Amino acid sequence: TLRNASPAEAKDLEQKFWDLAKEAKKQTSDFIESGGPQQATRVFDFAMTISDMNNLVNLSAQSKESQGRAYSAGIVNAGVFERQEAVQREGESERRNLTTKHGRYKIEQVHFATSHARSGCLYQTSCLTVGEELQCTFHPAMPIVSQETNAEFADSFLELLEIVAGMKEPTNTSTEDSSSDFALPPNLLVSAAAAYGVFGLASHANGWSNFFASVIEMKESVADPAEFWAVLNFWIFFAVGHPILQPILWISDVLHGTPGPKIADLIPVAFLLGNLAVIGAITVSKEIRNAVNVFALSAFFTYIGAGLDGKAGLGDFNLALDDGVKGCPTYEEVRQPSMNDFDISKYQGLWYEQKFHDWTQFKEVY
């Protein structure tokens with residue numbers, strides 16, 4: 001927020017504030033010039049004709065979930081008082097603008113409240129500029145919002161306007177020198193995770209290139225497109241499923257390998273505390289949350305790239321479509337020299353399989 005921002009951050013936030021204000025003005029002007037208000041009125045009138053809108057508003061107001069509040073905040077700016085047109089009086093050829101001086105009387109303040117009693121927003125602010133001063137009326141839904149909370153909201157709202165207008169410096173501002181020893185540069189973790197992803201793609205670029213070339217060649221060789229897509233979809237299911245299962249298996253290894261006391265003799269306390277710490281960091285820090293998402297995506301494509309490049313190990317994750325191996329290897333191809341004299345016919349009786357693991361495929365069986 002601007003209150004706790006450093007000078008550099010405050011400047012950036014102020015610029016974003018005015019960029020948003022300019023964009024809002026542009027969209028509002030485009031809406032008015034295109035006849036949007038007239039069309040919106042016609043649409044609302046049509047809805048009133050074909051449906052019971054009054055009953056809908058009444059039901060919305062009675063909702064326990066929303067408390068009759070359809071959205072959080074609303075701001076109405078009626079503009080400059082002196083620029084509004086007054087009532088055209090008898091004998092006048094045109095409408096004149098409103099004035100704040102009427103004989104010996106002068107209007108100093110004008111406050112109004114936008115109606116949102118039955119349904120509307122939670123915090124409503126109605127603004128009007130009189131005598132070159134902005135007059136704001138803060139009238140939230142009560143008793144949902146207390147007077148104390150409304151006062152805090154009003155103070156924060158006005159302070160924000162004063163800061164972006166250059167009339168006031170942000171309070172509780174942390175200097176760059178005091179925070180440089182403790183704060184990481186913005187987007188450092190996200191940039192590092194993205195750099196890892198770029199490196200992973202670049203290091204396996206040859207595998208990706210061969211993969212797409214092989215896919216194109218396969219598509220041209222298969223007469224029926226349905227058969228081609230059936231095979232490709234199965235390959236995608238296999239290629240995606242394996243890297244998704246890897247972190248699950250790793251977490252399982254960590255769970256069973258974590259030392260220390262256990263809860264209900266199932267979950268180690270250290271494992272549970274570690275998970276809470278990680279979840280808390282991801283929840284609190286947007287930087288860490290974004291970095292984790294980028295890193296997960298980078299690791300996903302890097303792992304698949306390693307499989308396409310044949311660098312993940314033939315017995316682990318080989319996705320190469322043309323690596324010289326056509327189908328599963330036969331027993332004769334993987335038989336060790338020590339088994340040359342093995343004769344299955346000499347072993348009579350009943351055989352019971354206790355455990356099976358095909359080492360010619362993947363190291364995990366699931």
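Guide: Start with Cys136. Its closest cysteine sulfur belongs to Cys127, and the two sulfurs are 3.8 Å apart, too far for a bond. A disulfide is a covalent bond between the sulfur atoms of two cysteines. Here the cut-off is a pair of cysteine sulfur atoms within 2.5 Å. By that rule, the count is 0 disulfides.

A word on the ground rules. This is a predicted model, in which local features need pLDDT of at least 70, side-chain atom pairs count only at pLDDT 80 or more, and totals for chains, interfaces and linings use all residues. Residues are numbered from 1 along each chain as its sequence is written, and side-chain values use heavy atoms, with hydrogens and water left out.

Back to the cysteines. Cys136 is buried, at 14% relative accessibility. Cys121 is buried too, at 0%. Buried means under 20% relative accessible area; exposed means over 50%; partly exposed lies in between (1.4 Å probe, protein chains only).

Now the sheet. It is open, it has 3 strands, and their order is β1-β4-β5 with mixed pairing. The edge strands are β1 (69-80) and β5 (133-138), each of which pairs on one side only. On average, neighbouring strands of this sheet are turned by 15° against each other, ignoring direction. Strands (E, at least two residues) and helices (H or I, at least four) are DSSP runs, numbered from the N terminus. Two strands count as paired if DSSP finds at least two bridges between them.

Look at β4. Of its 11 residues, 10 are buried, so the rest of the structure largely encloses this strand. With β1, β4 pairs in the parallel sense over 8 bridges. With β5, β4 (residues 120-130) runs antiparallel, joined by 6 bridges.

Which residue stands opposite Ile75 in β4? It is Thr125. On the β5 side, Thr125 has Phe138 as its bridge partner. Thr129 is bridged to Leu134 in β5.

Next, the turn. β4 and β5 form a hairpin with 2 residues between the strands, and Gly131 there has a positive phi near 60°. Glu132 is in the loop between β4 and β5. Its phi is also positive, about 65°, although Glu132 is not a glycine. Most residues other than glycine have a negative phi, and most peptide bonds are trans. Is Glu132 buried or exposed? Glu132 is exposed, with a relative accessible area of 79%.

Move on past β5. Pro143 sits in the loop between β5 and α4. The peptide bond joining Met142 and Pro143 is cis, with omega about 15°. Then comes the helix over the sheet. Helix α4 (residues 147-164) lies across β1, β4 and β5, and runs at about 155° to β5. Axes are lines fitted to C-alpha atoms, for helices over the stretch in contact, and angles between N-to-C directions run from 0 to 180 degrees. Contact means heavy atoms within 4.5 Å.

Another positive phi deserves a stop. Asp265 is in the loop between β6 (262-263) and β7 (267-268). Its phi is near 60°, again in a residue other than glycine. Asp265 is exposed, at 63% relative accessible area.

Last, helix α10 (residues 286-308). It has 23 residues and spans 33 Å from its first C-alpha to its last, close to the 33 Å expected at 1.5 Å a residue. The expected span is 1.5 Å times one less than the number of residues. At the N-terminal end, Ser285 caps α10, with a side-chain oxygen 3.4 Å from the backbone nitrogen of Glu287. Gly310 follows α10, with a positive phi near 75°.

The buried residues of α10 include Ala291, Ser298 and Thr302. They pack against α6 (188-203), α7 (205-221) and α8 (225-257). Zoom in on Ser298, at 8% relative accessibility and so buried. Beyond its neighbours within four places in sequence, Ser298 contacts Ala193, Ala194, Tyr196 and Gly197. A polar atom of the Ser298 side chain lies 3.1 Å from the backbone oxygen of Ala193. A polar contact is a pair of N or O atoms within 3.5 Å; within protein, one must be able to donate a hydrogen and the other to accept it, and residues adjacent in sequence count only if both atoms are side-chain atoms.
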